[in-house]
Amino acid sequence: MEMVVRRECPLYWRDSAAGTETGLNPFILIPVGLYLVFSGLFIQQGITNVSLARTGMLRSGRNLVYFAFVSALFCLSLLLVILSPELGLDADSKRVAFFFCWLVAPMVGYLYVSALAEHLEITRRRVRWLLWGYLLDSGTTLICGAATWVTGKGVLFSHETGPVQSLIDVHIGGVFSPNMLSLGKLTFTSALVVSSTVFFLREITKKERIDISLAVGVSLTGVAIMTEAAGYLLQWPMAFSLLPLANAVEMVRLTYLQTIDTGRNIEQTQRRLRHEQVQMKSHLEALSHDVRTPLASLKLGLDALRDEGAYERLAHEVEYLHVVFSNLVSLFELELSSSTLVYRQNDVRKSLDAISQRFAV
């Protein structure tokens, strides 16, 4: 086997004995498969968090939802860069796709810090300096993109093939390579990531119960970002982004914690509603006893009246009160039961005619 570089499809393997090409370098399929899995996982977790947020039981979660979908966008943009030769993109289109990765990455960091701060119940004022750092990173990326668009020269990264190329860079065609500004940007990003990691690790260790898995996840995320930056600057042969791996683990874990929190809140709400229903039922039973007993005594007293006119008028009012309170008690008992009321329009005169015929005797 020997490796051969072709312009129309950069990296293929050729069987020197048979003289035929056997397909794409299998290494390229590793990041392709990973980014497909990660993007799907981020989208699925984002939809799950949206469903949990609609229950109204989450204490937080908005930034976690945004973090999930923006991370999926980041994975898809990386996937577009890797598959750009197979999609027939020219050199300028590949550079635009790669620039979009640089633009989305600070947004992922910004939302990751916000989601962790919400989860650890850290005020936004305390992480403000970290958030401003990621906004500064994103702003300088936009400025570099505007300068490249105006001048036509690569500012954020070089538009020429570097002296050293990774396998993925060879596969893409060497249309971008790191320069001095890339080194400065990635150095600033690495320092910001190290500061964020140290800050959150200190906050985690301050808790009464130290969350070991969260500390490991935060550490892995920081190491993955710095490894990614070093791999791009030094053009390691087997370098590709490991950042989605750590972020995906944290995304699943935080969503799992949000699910547990929502379940507990729902259980507490159901318990509180059940307690209120029991109290209301006891009050209705007392009301029924307090109302029906005097009404029954009043009805017995009416029987002793000799004045038939007064008797009929009083009896009518008493019967009316009796029916009203009976209906009131029945209504509350129905509301407290598990039965579901179904409302529909109907002509009451037909029902009254049927009732009158039944009880006419």
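In which helix is the place of valine 198? Valine 198 lies in helix α6, and the paragraphs below set that helix into the whole model.

The structure is a predicted model, in which local features need pLDDT of at least 70 and side-chain atom pairs count only at pLDDT 80 or more, while totals for chains, interfaces and linings use all residues. Residues are numbered from 1 along each chain as its sequence is written, and side-chain values use heavy atoms, with hydrogens and water left out.

The protein has ten helices and three strands, where helices (H or I, at least four residues) and strands (E, at least two) are DSSP runs numbered from the N terminus. Read from the N terminus on, the elements run β-β-β-α-α-α-α-α-α-α-α-α-α. The mean pLDDT (the predictor's confidence in each residue, from 0 to 100) is 77, and 75% of the residues reach 70 or more. Where pLDDT is low, the predicted coordinates should not be read in detail.

Of the 361 residues in the protein, 38% are buried; buried means under 20% relative accessible area, exposed over 50%, and partly exposed in between (1.4 Å probe, protein chains only). Leaving out residues up to four places away in sequence, leucine 103 touches Ser138, Thr141 and Leu142. Leucine 103 and leucine 142 are 39 residues apart in sequence, yet their C-alpha atoms are 7.3 Å apart in space.

Helix α6 (residues 180-206) also holds serine 196, which counts as buried because its relative accessible area is 6%. Beyond its neighbours within four places in sequence, serine 196 is in contact with Val113, Leu130 and Tyr134. Valine 198, by contrast, counts as partly exposed because its relative accessibility is 44%. Together with Val194, Val223 and Met226, Val198 makes a nonpolar surface patch of about 290 Å², to which α6 and α7 (212-234) each give two or more residues. Accessible areas come from the Shrake-Rupley method with a 1.4 Å probe, and for residues only the protein chains shown count as cover.

Methods. Contact = heavy atoms within 4.5 Å. Patch = residues over 30% accessible without salt bridge, like charges linked within 9 Å, V, L, I, M, F, W, Y side chains within 5 Å. Salt bridge = Lys/Arg side-chain N within 4 Å of Asp/Glu carboxyl O.
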